[in-house]
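Trainee: Could we go through this model together? I'd like to get to know its bonds and its confidence.

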Amino acid sequence: MELRRRAAMGNSGLRALLFLLHTVAPTVAEQEVENLSGLSTNPEKDIFVVRENGTTCLMAEFAAKFIVPYDVWASNFVDLITEQADIPLSRGAEMKGRCGHNESELQIFWVDKAYALKLLFVKEVHNTSKGQEASWRLSKVQFVYDSSERTYFKDAVNPGKHTANSHRLSALVTPAGRSYECQAQQTISLTSSDHQKTVAMLLSAVHIQPFDIISDFVFSEEHKCPVDEREQLEETLPLILGLILGLVIVLTITVYHIHHKMTANQVQIPRDRSQYKHMG
């Protein structure tokens with residue numbers, strides 16, 4: 001009897017567990033990642049896509065390079081000098097990603113995971129004079145590198161893995177529901193675990209949207225960075241000034257011809273009074 005009671009309790013517990021799994025499972029989003037860098041006409045630009053339940057939830061296009069200082073021995077093998085490794089983000093990199101309502105993440109690995117980049121995005125709501133306004137931003141960058149990797153590091157002293165992190169980052173700030181676009185180069189400074197050295201992350205040809213993508217594989221309306229807007233203004237300003245100058249010249253010539261025509265039809269009064277006798 002006791003065995004039957006325990007078996008019944010065990011069966012009821014199993015049924016409860018199966019019911020819980022069946023209830024929770026549909027709420028777990030199925031996410032997949034795709035590296036579409038081969039579609040870019042820019043050989044330095046990578047394209048990463050995260051899809052959730054068959055729909056794009058994060059898209060990122062950019063070219064990236066990391067400037068990493070590291071120590072090597074001087075020629076006397078006594079002093080240390082600082083060299084610099086220029087590490088590009090390689091095409092065909094592995095990636096992971098996750099999408100959330102207020103937080104999304106993209107992770108990229110290359111050269112047999114000797115290098116890893118993690119980008120964290122957050123969406124926030126702020127109270128303003130116009131009411132509540134939502135925006136998203138890049139809130140954290142983490143770059144892991146291995147100075148024992150010989151492609152970019154030559155004879156590093158005490159080689160090994162190091163982690164470089166951003167500090168209180170608020171970059172690529174964009175209104176919610178829009179994508180961020182910036183062709184100009186931007187620099188994000190990271191602090192390395194290697195004696196607090198400063199690692200520079202150089203981004204260019206950026207187009208990113210980590211939230212609220214409406215159409216699959218299609219960015220929403222662009223929010224351009226201030227540098228691009230200023231450069232666009234600098235490009236169009238000479239054209240605008242040229243048009244204004246041309247309009248002024250045309251108006252001046254037109255006024256001159258009208259004035260000349262009106263004065264030509266008027267009777268000319270001689271300045272020399274001796275010529276008055278010839279008039280009439």
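Here are some questions and answers about it.

Mentor: Before we start, this is a predicted model, where local features need pLDDT of at least 70, side-chain atom pairs count only at pLDDT 80 or more, and totals for chains, interfaces and linings use all residues. Residues are numbered from 1 along each chain as its sequence is written, and side-chain values use heavy atoms, with hydrogens and water left out.

Trainee: What is the mean pLDDT of the protein?

Mentor: pLDDT is the predictor's confidence in each residue, from 0 to 100. Here 74% of the residues reach 70 or more. Over residues 16-28, though, the pLDDT is below 50. For the protein, the mean is 83.

Trainee: Which residue does Cys57 join in a disulfide?

Mentor: A disulfide here is a pair of cysteine sulfur atoms within 2.5 Å. For the Cys57 pair, the S to S distance is 1.9 Å. The partner of Cys57 is Cys99.

Trainee: Is Cys99 buried or exposed?

Mentor: Buried means under 20% relative accessible area, exposed over 50%, and partly exposed in between, using a 1.4 Å probe and protein chains only. Cys99 has 15% relative accessibility. So Cys99 counts as buried.

Trainee: Why is the disulfide of Cys182 and Cys225 right-handed?

Mentor: Cys182 and Cys225 have their sulfur atoms 2.1 Å apart. The handedness comes from the torsion about their S-S bond. The disulfide is right-handed because that torsion is about 70°.

Key
Contact = heavy atoms within 4.5 Å.
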